[in-house]
Amino acid sequence: MSSQPLGDDAIAAAAAHLLPRAVDDVVRLSRIESVAAPGSPPGPLLEAHDEVVALLRRAGVTQIDQIMLDGMTAPTIVADVAGPPGAPTVLMYTHYDVVPAGDDALWTSPPYEPVVTEDRVVGRGVADSKANIAAMIGALEVYGAQPPVNLRFVLEGHEEFGSVFEEHPPASPETYAADAIVIADVGNVRPGQPTLTIGLRGSVTVTVEARTLGSDKHSGQFGGAAPDARTALVRALAALHDDRGDLVVPGLRREPWTGSTYTDDEFRELGEVLDGVPLVGTGDLGSRIWSGPAVTIIGFDAPPTTSPLNAVASSAKAVLNLRVHPAQPAKEAGEALATFLRGIKPFGIELDVQVGEAGNGILAETGGPAFRAAEQALRLAWGAEPGTMALGGSIPIVMSFHEAQPAAEKILFGASDGYCNMHGPNERLLIDELQRTIVAMATFWRELAATKES
Ligand SMILES: [Zn+2]
């Protein structure tokens, strides 16, 4: 080592000193309407790209490249900072694009005019994921651009749009070679509770259709004996759960969740569950939302109630989204659901069931050196014992990195928290969480470097 590693106090002091500038960075980045959605203009995304590149240069990064694939509106930034010889390599991933603001009327301040108050910043993208960019820049500045590890920043500009860039890692795995890959597109279960995300549920689509008549028939003339396809379909869908709301489909993996989770009250608040309405399912909450399956009816063809039709339906179709235990192959779970649906035969009617698009989840390794380094970093940054959680939704890039570099440890933490309202109105970042994330990233690099030295 050419220099002494920074101690805990030095990192904390540097992060505190850098914090106002990091908050400024979040504000500057969030002022750009860098929406990645169908039909959104490329201009603001490219502006955001240039701003991120400028921040990297300010932090002392000179090696900055980009990856631009067909179908991408803005490039993925790939920037390198060399550490000491023989040091481990850490890939730091997040994204600089945002989802649309939605209904402006639901915001208390204009979504692209970020408002800074004593403890927070409110604006689209502040938590997801401009804060993580600012934290990475801040952590690099803690070390004056001389980090204790080799760093490769991979900053995507097209994440919210969906799958174009995620094809790249499996196709060019050498670009993503690293001892640890930090996906900073997540955060703590709640403010003040340091949390490593270790699981993401898989997801599979299942389409189910009932066909009963050659064409729709008058309900007065035929109703009563002619089978209504919608009723048959509803009956089949109703058979998926028991009276308590637990799925009764065999072959879907479910296990108790042993990490951190929300309390029922927190979950009710986050989900805006109405008073008097119970949560569904039994057993611990974690196993219902993270380490167990869930079926949601995400599409159902029927005349809208504003223009009903007096007819017995000749056909009816529903699309189901099945969320799957992180370690169960999504296709396998989809087939289990399909087999169960085919066996129902409502009123004796055969259903046509198709398993569609499937994306596997992931259960990250938790025993490796990078995971232990991350635990120690979060423990020091937040002054509390870190917990683990999972996400009910998938982050496809995690799977993509995993395919490219199965041996690299995947570490998920970041500056957002369960209450930040990402993708919703009044998205907010807590400044304290930003500061602690800078400390956590800088400490993680140091802790990981130390594992190679000893
Ligand atoms: Zn995100």
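Start by selecting H95. In this predicted model, H95 is buried, with a relative accessible area of 0%. That value is under the 20% limit for a buried residue.

**The zinc ion**

Now show the zinc ion. H95 coordinates the zinc ion through NE2. The other donors are an OD atom of D128 and two OD atoms of D185. Distances run from 1.8 to 2.7 Å. Along the chain, the donors follow the spacing H-x32-D-x56-D. H95 and D128 link distant parts of the chain, 33 residues apart. Colour strand β3, residues 89-95, to see where H95 sits. Then colour helix α3, residues 126-142, which holds D128.

Is D128 buried or exposed? D128 is buried, at a relative accessible area of 4%.

Next, check the angles at the zinc ion. The 4 donor atoms subtend angles of 52 to 151°, so the arrangement is irregular. A tetrahedral label would need all angles between 85 and 135 degrees. For comparison, the ideal angle for four tetrahedral donors is 109.5 degrees.

**S30 and its contacts**

Move to helix α1, residues 8-30, and pick S30. At 0% relative accessibility, S30 counts as buried. What is S30 in contact with, leaving aside its neighbours within four places in sequence? Select Y112, P114, R124, G125, V126 and K130.

**Two packed helices**

Select helix α10, residues 369-382, together with helix α12, residues 431-453. Their axes are 7 Å apart, and the helices pack at an angle of about 140°. That angle makes α10 oblique to α12. A roughly antiparallel label would need an angle over 145 degrees. Look at the handedness too: α10 passes α12 in a right-handed crossing.

Show side chains at the interface. Residues to pick on α10 include P369, A370, A373, A374, A377, L378 and W382. On α12, the residues they meet include E433, R436, V439, A440, F444, L448 and T451.

**The loop at D70**

Last stop: D70. Where is D70 found? Look in the loop between β1 (63-67) and β2 (76-81). At 77% relative accessibility, D70 counts as exposed. Contrast H95, which is buried at 0%. Finally, draw a distance from D70 to G283, C-alpha to C-alpha. The two are 46 Å apart in space and 213 residues apart in sequence.

Technical notes
Residues numbered from 1 in each chain as written. Predicted model: local features only at pLDDT ≥ 70, side-chain atom pairs only at ≥ 80, totals over all residues. Heavy atoms only, no water. Donors = N, O, S within 2.8 Å, 3.2 Å for Na, K, Ca; no water. Tetrahedral: all angles 85-135°; square planar, octahedral: opposite > 155°, others 65-115°. Helix = DSSP H or I, 4+ residues; strand = E, 2+ residues; numbered from the N terminus. Buried < 20%, exposed > 50% of the residue type's maximum accessible area, 1.4 Å probe, protein only. Axes fitted to C-alpha atoms, helices over the stretch in contact; angles between N-to-C directions. Parallel < 35°, antiparallel > 145°, perpendicular 65-115°, else oblique. Left-handed = near helix turned anticlockwise from the far one by under 90°. Contact = heavy atoms within 4.5 Å.
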